[in-house]
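Please look over the model shown here and read the briefing that goes with it. The points are grouped by topic.

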Amino acid sequence: MPELPEVESFRKYIADTSLHQKIKNVRTAAQGMLIETTDADLKRILKNNSFEDTFRHGKFLFVRLRSHGSLMLHFGMTGDLLYYSDNASPKSYVLLFEFDNGHRLSFSDPRRLGKISLVDDVQAFINKRGYGEDALQISWESFYTILKKKRTAIKVSLMDQKVVAGVGNEFSDEILFQTQVHPASITSRLPEKKLREIYESMKSILKEAVNHDADRKKLKHYFFLGNRKAGLRCPGCKGETEWQTIGGRSSYFCAACQKLYR
DNA sequence: CTGCGTGTTGCACA
DNA sequence: GTGTGCAACACGCA
């Protein structure tokens, strides 16, 4: 699920369902997913606590607790949230909250590539780990200052969470398709005008995805989102899309429409 | 059975 | 310091 738009919809989901309810019990099955905390501490801090507010930075979600800082959730590749207001029981979970009113919130993650932590100070956590500004917040000036110096592939720059936080593999491909830039282009070789287009495209695609709760069915007018294959007919030139791994990730693009800057 | 994947980190190496 | 490539984490799916 999770790039910035998915995490934003998880944020809203928690805000809409789970705030200001006493947490009666916490169940965990999150071995290997905890950062700087233990199973026992997690349970101890969260039990009888409550969620008061939500905050997202890039792909990280923070839920402020009534006491003892915030809960940090990262969804890896397969993390998901589900709120239960009936008696149905979660099929599987890595973290399960049981509220006073009998409702439950589960965090599931089959591949367990997600992360869970307790943080005292959200901004300090972000700074310490060196993450860049959130993709929906970053100014053009900051974006340009960082990108113009990067000598790595533009796709790698966009996906680098220390450059700008929130863009992942699928959205990077879509941004570069829309702006007609080959994903392997050397970032510093792109003219300022192109970087500006990429910046604007990043903002508008992410915003639209956020407005549609990251639902790929409502983003059909984009090309590569949820439609990642080689050999597709490019809507621009009618040629075939190609596949290449760039920065260790599968990248889809149209070599005819997307110019390679070297 | 093999290969792949909406993510991140750490490490070896140029 | 900058950048590249890969393995690892762990599981479901085609």
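In this predicted model, a phosphate oxygen of DNA strand C is 2.8 Å from a polar backbone atom of R151, a polar contact in the sense of a pair of N or O atoms within 3.5 Å; within protein, one atom must be able to donate a hydrogen and the other to accept it, and residues adjacent in sequence count only if both atoms are side-chain atoms. Residues are numbered from 1 along each chain as its sequence is written, while chains are lettered from A and ligands numbered from 1 in the order in which they are written. Local features need pLDDT of at least 70 and side-chain atom pairs count only at pLDDT 80 or more, whereas totals for chains, interfaces and linings use all residues, and side-chain values use heavy atoms, with hydrogens and water left out.

**DNA strand C**

- The residues around DNA strand C are P110, R111, R112, L113, K149, K150, R151 and T152, where a residue is near a strand if one of its heavy atoms lies within 4 Å of it.
- Of the atoms of DNA strand C that come within 4 Å of the protein, 58% belong to sugar and phosphate.
- The surface near DNA strand C is made up of 5 charged, 2 nonpolar and 1 polar residues, with Asp, Glu, Lys and Arg counted as charged, Ala, Val, Leu, Ile, Met, Phe, Trp, Tyr, Cys and Pro as nonpolar, and the others, Gly among them, as polar.

**Chain A as a whole**

- Chain A contains 7 helices and 13 strands, which are DSSP runs (H or I, at least four residues, for helices; E, at least two, for strands) numbered from the N terminus.
- The C-alpha trace of chain A spans about 60 × 35 × 30 Å along its principal axes.
- Of the 262 residues of chain A, 54% count as buried, meaning under 20% relative accessible area, with exposed over 50% and partly exposed in between (1.4 Å probe, protein chains only).

**Residue S18**

- S18 sits in the loop between α1 (4-17) and β1 (23-28), and S18 counts as buried because its relative accessibility is 0%.
- The side chain of S18 makes a polar contact of 2.8 Å with the side chain of T17.
- Apart from neighbours within four places in sequence, S18 is in contact with F51, Y83, F99 and L105, contact meaning heavy atoms within 4.5 Å.
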